[in-house]
Amino acid sequence: MNKLLGLLEKPARTTRYMTNELADYVEGQEIKFNIDSWKKVLKTMIENKITDEMPPILAACEGGLYVGCAGIAYMYFHICMLDSFTTERWEYLRCAKEYYNVSLEYVRTQLKDKDLGPSLMLGSAGTHMVGALIHNALENNELCEKCVDEYLELSKECIKPTFLKSGANELFVGRAGYLCGILNMQRWLGRQIMAQSQLKTLCNMVIETGREYAKRHKSKTPLMYAYYDTEYLGVAHGVAGILMTLMCFPEYLVYQPSAEMHVHETINFLLETQTEEFNFPPSMDEVLGLFHRPPEDELVHWCHGAPGVIHLMAKAYKKYGDDKYLQACIECGEITWKKGLLRKGPGLCHGVAGCGYVFLLLYRLTGDEKHLHRAHQFARYMLSPDFKRSSKIPDSPYSLFEGWAGTVCFLSDLTQPDKASFPLFDFLEL
């Protein structure tokens, strides 16, 4: 009988995160950080974990910026643009160009799903964007312009009403992601990339499809979107990422005041969905009570949850100056500190580095050294034997969004925390 009862007992489920036993900040504590020693750690990680394990070859290019060689090209670009890496700049740009070149060959000869062409994360658009950034840094003006032109050519697909019926507006493969590519190029090239009339057309499509969907489905908010029939709320595939992108085009919102009103109302709706523990639900199914997620399955990821939505709330605080958005950001930091040591690995999307950027964002917003301390604690934990024992190995362990390449971006940003910028999707100052 006892044997039978043993068979019927369910094993305890492992939570998605590790218990945070790291020492928190003590008021007045000195934050010690040796940039030279840290750079040595980073260089070893780049050489031993990334370039050796994920060389610039065609077989490693599938997945674009997300998990392919284009993402490694971006990693090198991200690092070499930091003031603390000026001596490594030209060598890292040379490496970035090498990874970009093989990525370009891949999208021209082997990219199978042509519908993903305008996708920033998975298609050829992301490769052309990173090429423009690299060639601009190398002062190869003609090649930079060619990359920009190839990127802009893809806008013809984005404005088609039939573009990506699975979800044409989200950040990874949709119009919001395409617009983020424009923002990245404008930031680094220092000029207007796309005509205002074309930008207005793209933004209008994002707004109008969101309004139409919300009206058709009788949503609780004026703008709503679905990706593969799920109304996601987070940054990667949902409303938060779309709104964050739209807010980075103030000229459009001035031109369309009703659009700004609906963006603002939808941000406030999202704010109301924040849970008692300060997280944000990943989809409307959970807000409406159609699906209940057990505590051990709570998503505290950049892609789904508070570590991503904080970027929208920070943008809203900078734009509207309302302290309720800053309070939401601080609360996002608390849930991330509690549950952000994720078992899925070191990456940006659903790993510890993505959560670590929460504290760097809060440090930029508030100047409070508590957040910088927490960022350091998450960083050091990823280098510890405990992390190696307790975390899973991602499907793409060396890539930008799932693996160590994104982690390198986070770790390198610790050398210049007042200017730390989440890879590709941080537009706090725009």
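Visitor: Which residues does the UniProt annotation "binding site" cover?

Guide: According to the unreviewed UniProt entry, that annotation covers C303, C349 and H350. Keep in mind that what we are looking at is a predicted model.

Visitor: How do you know that they gather at one spot?

Guide: Good thing to ask! They span 48 residues in sequence, yet no two of their C-alpha atoms are more than 6.3 Å apart, so they gather at one spot.

Visitor: Why is C303 called buried?

Guide: Buried means a relative accessible area under 20%. C303 has 5%, so the word applies. You will find C303 in the loop between α14 and α15.

Visitor: What makes C349 buried?

Guide: Try the cut-off of 20% again: the relative accessible area of C349 is 3%, therefore C349 counts as buried. C349 sits in the loop between α16 and α17.

Visitor: Which residues does C349 touch, not counting residues up to four places away in sequence?

Guide: Among them are Y66, F172, W302 and F401. C303 is on the list too.

Visitor: How do you know that the span of helix α2 is close to the expected one?

Guide: Helix α2 has 17 residues, and 24 Å is expected at 1.5 Å a residue. From its first C-alpha to its last, α2 reaches 22 Å, close to that value.

Visitor: What do the buried residues of α2 pack against?

Guide: They pack against α4, α5, α18 and α20. The buried residues of α2 include W38, L42 and M45, so M45 has a relative accessible area under 20%.

Key: Residues are numbered from 1 along each chain as its sequence is written. This is a predicted model: local features need pLDDT of at least 70, side-chain atom pairs count only at pLDDT 80 or more; totals for chains, interfaces and linings use all residues. Side-chain values use heavy atoms; hydrogens and water are left out. Helices (H or I, at least four residues) and strands (E, at least two) are DSSP runs, numbered from the N terminus. The expected span of a helix is 1.5 Å times one less than its number of residues. Buried means under 20% relative accessible area, exposed over 50%, partly exposed in between (1.4 Å probe, protein chains only). Contact means heavy atoms within 4.5 Å. UniProt positions are given in the numbering used here, feature names are shortened, and annotations may be inferred rather than shown by experiment.
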